[in-house]
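Q: I've got this model open and want a quick walk through it. Can we start with one of the loops?

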Amino acid sequence: MSPDQIRKFLKEELKSKSGKSSSQVSAASLATICVDPGHGGSDPGAVSGTTQEKTLNLAIAKWLKQYLESDGFSVVMTRSTDVYVNLTTRYTIANNNNVDAFVSVHNNSGVSTARGTECIYPSNHDVDSSLSLATEVTDAVVNGTSLPKHRDPYSSSTLVVLTQTTMPAIISEGGFITNTTDRNYLLSSAGQEALGSSIELGVYFWWVAWLS
Ligand SMILES: [Zn+2]
């Protein structure tokens with residue numbers, strides 16, 4: 001299925017689960033998602049040659065925001081420009097806005113042969129729903145981009161944007177900027193859009209599955 005067909009399918013699922021009409025589903029705000037583009041300003045994140053992680057994260061996060069909003073989600077961004085935002089501010093924005101999920105957009109670095117996508121979730125709260133979100137996003141990225149799976153989702157007890165948030169939370173590591181194939185894909189506008197769109201489809205799948 002194309003992304004458009006998947007979105008149509010999810011909207012039908014949502015309509016039948018919620019008992020709402022098509023116009024109500026598209027007009028209603030489904031949920032509020034905090035989108036957190038990692039790093040920024042004086043903090044470039046991972047660096048490989050002239051490629052800085054912060055720039056890729058922001059470009060991908062903007063596509064994620066655009067697709068979320070077009071599918072009826074509300075979005076709170078922790079940054080929308082190339083500015084430094086500390087970690088406390090990031091999780092406080094999510095907590096103070098009562099968002100339904102926190103999605104931090106990052107890219108990885110490592111040995112030059114390491115490539116592909118992975119997600120991290122908190123070990124201390126909302127574990128089941130965060131793992132579900134992490135799994136949906138990983139699968140959607142593998143299906144919707146040329147990025148392979150690096151590994152299955154794993155939990156962290158030390159990453160504060162995960163442990164200090166008060167709602168389901170993940171970090172999406174899209175690909176490895178230290179791998180030539182991943183980096184070229186992440187630098188392309190088609191790759192950035194496909195990755196943002198795929199993360200969004202993962203969030204959308206998760207929301208439809210967890211809607212009570
Ligand atoms: Zn990062």
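This is a predicted model: local features need pLDDT of at least 70, side-chain atom pairs count only at pLDDT 80 or more; totals for chains, interfaces and linings use all residues.

Q: Is His39 buried or exposed?
A: His39 is buried, because 23 other C-beta atoms lie within 10 Å and the cut-off for buried is 20 or more.

Q: What about phi of His39?
A: Phi is near 65° there, a positive value in a residue other than glycine. Most residues other than glycine have a negative phi.

Q: Where is Asp126 found?
A: Asp126 is in the loop between E6 and H5. Its phi is near 45°, again a positive value in a residue other than glycine. Asp126 is partly exposed, with 19 other C-beta atoms within 10 Å.

Q: OK, on to the sheet. In what order do the six strands come?
A: The order is E4-E1-E5-E8-E6-E7. The sheet is open, and its pairing is mixed.

Q: Which strands stand at the edges?
A: Strand E4 (74–77) and strand E7 (154–156). Each has a single partner strand, so one side of each is left without a neighbour in the sheet.

Q: How are neighbouring strands turned against each other?
A: By 30° on average, direction ignored.

Q: Take E8. How many of its residues are buried?
A: Eight of eight, for a strand that spans residues 169–176.

Q: Does E8 run parallel or antiparallel to E5?
A: Parallel. Six bridges join E8 to strand E5 (residues 101–108).

Q: How is E6 joined to E7?
A: By three bridges, and E6 and E7 run parallel. Tyr121 stands opposite Ser155 in E7.

Q: Which helix lies across E5 and E8?
A: Helix H7 (residues 180–187) does, running at about 110° to E8. H8 packs on the sheet too, touching strand E1 (32–37), E5 and E8. The direction of H8 makes about 145° with that of E5.

Q: Let's stay with H8. At what angle do H5 and H8 pack?
A: About 140°, with the axes 8 Å apart. H5 is residues 127–144 and H8 is residues 189–210. That makes H5 oblique to H8. The crossing of H5 past H8 is right-handed.

Q: Which residues make that contact?
A: From H5, they include Ser129, Leu133, Val137 and Val141. From H8, they include Leu195, Ile199, Val203 and Trp206.

Q: How do H3 and H8 cross?
A: At roughly 50°, and the axes of helix H3 (residues 53–70) and H8 come within 8 Å. H3 and H8 are therefore oblique to each other. H3 passes H8 in a right-handed crossing. Among the residues that meet are Trp63, Leu64 and Leu68 in H3, with Leu195, Ile199 and Val203 in H8.

Q: And how do H1 and H8 cross?
A: At roughly 20°, with the axes of helix H1 (residues 3–18) and H8 coming within 10 Å. That makes H1 roughly parallel to H8. H1 passes H8 in a left-handed crossing. Ile6, Leu10 and Leu14 are among the H1 residues here, and they meet a set in H8 that includes Leu201 and Phe205.

Q: Now the core. Which residues of the largest nonpolar core touch the most other members?
A: Ile33, Leu64, Ala101, Val103, Val137, Ile170 and Val203, out of 51 residues. In soluble globular proteins, nonpolar side chains tend to be buried together.

Q: What is Ile33 in contact with?
A: Leaving aside neighbours within four places in sequence, Ile33 is in contact with Leu68, Phe73, Val75, Val99, Asp100, Ala101, Val103 and Val203.

Q: Last one. Where does Thr180 lie?
A: In helix H7. Thr180 is partly exposed, with 13 other C-beta atoms within 10 Å. The C-alpha atoms of Thr180 and Ser22 are separated by 43 Å, and the two residues are 158 residues apart along the chain.

Technical notes. Residues are numbered from 1 along each chain as its sequence is written. A residue is buried if 20 or more other C-beta atoms lie within 10 Å of its own, exposed if 12 or fewer, and partly exposed in between; C-beta atoms are placed from the backbone. Helices (H or I, at least four residues) and strands (E, at least two) are DSSP runs, numbered from the N terminus. Two strands pair if DSSP finds at least two bridges between them. A nonpolar core is a set of buried Ala, Val, Leu, Ile, Met, Phe, Trp, Tyr and Cys residues joined through C-beta atoms within 7 Å. Two residues are in contact if their C-beta atoms, placed from the backbone, lie within 7 Å. Axes are lines fitted to C-alpha atoms, for helices over the stretch in contact, and angles run from 0 to 180 degrees between N-to-C directions. Angles under 35 degrees count as roughly parallel, over 145 as roughly antiparallel, 65 to 115 as roughly perpendicular and the rest as oblique. A crossing is left-handed if the near helix is turned anticlockwise from the far one by less than a right angle, and right-handed if clockwise.
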